[in-house]
Every structure is written in C-alpha cells, then in structure tokens.
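Dear colleague,

Please find below the structure that I am handing over to you. My findings follow it.

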Amino acid sequence: IKKTLKKGVSDPAIPTIKKRLQVTGEMIGKDSSQVFNDTLENAIRMLQTEMGYKPDGVITAQLIKDMNVPATERLKQILLNMGRMRWMPTEPNGRLIIVNIPEFVLHVYENKKKAWDMNVVVGKEGHNTTMFTGDLNQIVFSPYWNVPPSIVQKEILPKLASDPGYLASQNMEQTGTDENGIPKIRQLPGANNSLGRVKFLFPNSFNIYFHDTNAKDLFSRDKRAFSHGCIR
C-alpha cells in the first residue's frame with residue numbers, strides 16, 4: 001500500500017486485503033469491493049489483536065508486511081520457539097520480573113499471581129536482548145551512563161570528527177582511554193541521560209540491565225525494539 005488506510009476510504013489494494021482476511025478467517029463473507037467498510041475494520045482489529053498490535057483498525061505498511069509472511073515461515077517460528085522453550089529454566093517461586101521480549105512487555109508476579117504489567121523497549125535487530133535469568137540486587141538513582149566501546153567507536157567518534165563540541169552538547173565527558181585506544185566516555189546524570197533517572201542491576205555475563213529512558217515516545221509504538229540490548 002502507498003498510504004495508511006482507514007475506514008471510509010477506497011483503494012485498489014483493499015479487495016486483495018479482504019480476500020487475505022477471508023482465507024484466514026478474520027473476515028466472513030465474500031465482499032470484494034474497494035471500500036474500507038465496518039466489516040473490514042472489525043477484521044483488521046481481530047488480526048491486530050492476534051499479532052500483538054494495538055487494535056485500532058488501521059492498515060499500515062508494517063501490518064501488510066506481517067500479513068505477507070507465509071504460513072510456512074510462521075510454522076518455522078513456532079517450531080524454533082518450541083525448541084527454545086525446552087532450554088528455558090524452571091520458573092522459580094516468589095517475586096518475579098519476567099520480560100516477554102517479542103511482546104515488549106514486562107510482567108511482575110507475586111507468588112505466581114500477576115501483580116502488574118508495563119510496556120518496555122528491548123534490543124533492536126543486531127543488538128538483540130539475550131534470554132537469561134538473574135537476581136535483581138541493586139538500584140542506582142541518577143546513574144552515569146558508561147558508553148560501551150562499540151557505541152563509542154561506531155557512533156560517537158564519527159560525530160566527534162565533524163563536531164568537536166559533541167560531547168559537551170550531550171552532557172558527556174571523556175574519562176580516559178581503554179587498552180585498544182578507544183576513549184572512555186560517560187554521560188553525566190540528568191534529565192537527558194540515556195539511562196533516565198534510575199537503573200536496576202542484576203549480575204549477568206551479557207551486561208544487560210533495566211533502566212529508565214529519556215525517550216518516552218517509544219513506549220507508544222506497537223513494536224518496541226530500539227535499544228542496544230538493555231531493557232528500558
């Protein structure tokens with residue numbers, strides 16, 4: 001589709017979308033018109049709920065992309081995740097924080113009873129959040145952000161080359177260099193700190209932790225994979 005489609009519009013792509021939804025059972029009947037009507041809107045809401053989207057009844061390019069994933073690929077995903085589940089650790093009792101990474105949601109349990117949920121941002125493609133378990137043991141308020149060497153090398157050094165004042169503009173400072181000659185850079189605490197106002201630590205070999213964020217607008221997205229691996 002060339003633009004977002006909402007109820008009331010007409011578009012040449014709509015008959016194909018209706019046929020697709022009729023095949024998979026979200027839409028009943030054999031309507032093949034180009035009009036985005038109530039029946040199509042209800043079918044789209046049902047599909048969005050199945051796929052984990054906010055059910056607003058609007059057809060976007062991303063929704064079309066997900067609709068176009070063949071059933072055979074979905075089957076492979078199911079089989080792959082069934083295999084992963086065999087290696088998942090046994091869920092312990094007590095107070096638990098469980099992040100469902102593909103759902104982009106954090107769940108809190110008190111003795112197997114769900115206490116509350118919250119939307120989270122997880123690692124983007126190439127910086128995926130790793131599956132593991134750990135014990136939360138430390139909370140840090142007004143944290144410094146010690147920028148990982150990979151981010152310094154790939155993102156900060158090119159910006160410094162074109163703008164010598166980049167560190168000051170981002171409330172950052174250099175504290176030295178590592179054994180590879182890469183500058184050690186950290187961001188000072190404050191409202192614009194990438195970790196926000198607080199971070200939650202649990203020892204793990206992947207250097208992943210929970211933290212606040214100054215990019216609040218990302219929480220309203222349906223797909224929230226934007227971090228470098230940590231969980232916002």
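Which backbone nitrogen does the side chain of Asn 193 reach? The side chain of Asn 193 reaches that of Leu 195, at 2.7 Å; a polar contact is a pair of N or O atoms within 3.5 Å, where, within protein, one must be able to donate a hydrogen and the other to accept it, and residues adjacent in sequence count only if both atoms are side-chain atoms.

Before I continue, the conventions are these. The model is predicted, so local features need pLDDT of at least 70 and side-chain atom pairs count only at pLDDT 80 or more, while totals for chains, interfaces and linings use all residues. Residues are numbered from 1 along each chain as its sequence is written, and side-chain values use heavy atoms, with hydrogens and water left out.

Asn 193 lies in the loop between E8 and strand E9 (198-201); helices (H or I, at least four residues) and strands (E, at least two) are DSSP runs, numbered from the N terminus. Asn 193 counts as buried because its relative accessibility is 1%; buried means under 20% relative accessible area, exposed over 50% and partly exposed in between (1.4 Å probe, protein chains only). Leaving aside residues up to four places away in sequence, Asn 193 touches Pro 143, Tyr 144, Trp 145, Gln 187, Leu 188 and Asn 214, contact being heavy atoms within 4.5 Å.

Turning to the helices, the buried residues of H1 (residues 14-24) are Ile 14, Ile 17, Lys 18 and Leu 21. Seen down the axis of H1, these fall within an arc of 100 degrees, so they line one face of the helix; the arc is that of the directions from the helix axis to the C-beta atoms. Thr 16, Lys 19 and Val 23, on the other side of H1, are exposed. The buried residues of H1 pack against helix H2 (38-51) and helix H3 (61-67). Gly 25, which follows H1, has a positive phi near 95 degrees.

In H2, the buried residues are Leu 40, Glu 41, Ala 43, Ile 44, Leu 47 and Gln 48. Viewed down the axis of H2, they fall within an arc of 160 degrees and therefore line one face of the helix. Thr 49 and Glu 50 are exposed on the other side of H2. The buried residues of H2 pack against H1 and H3. Just after H2, Gly 52 has a positive phi of about 85 degrees.

As for the strands, E1 (residues 95-100) and E2 (residues 105-110) run antiparallel and are joined by six bridges; two strands pair if DSSP finds at least two bridges between them. Ile 98 has His 107 in E2 as its bridge partner. E1 and E2 form a hairpin with four residues between them, and Phe 104 in the turn has a positive phi of about 60 degrees. E2 is also joined to E3 (residues 113-119) by six bridges, again antiparallel. This second hairpin has two residues between its strands, and Asn 111 in the turn has a positive phi of about 55 degrees.

A separate topic is the open sheet of three strands, in the order E6-E8-E7 with antiparallel pairing. Its edge strands are E6 (145-146) and E7 (172-177), each pairing on one side only. E7 and E8 (residues 183-187) pair over five bridges, and Thr 177 has Pro 183 in E8 as its bridge partner.

Yours sincerely
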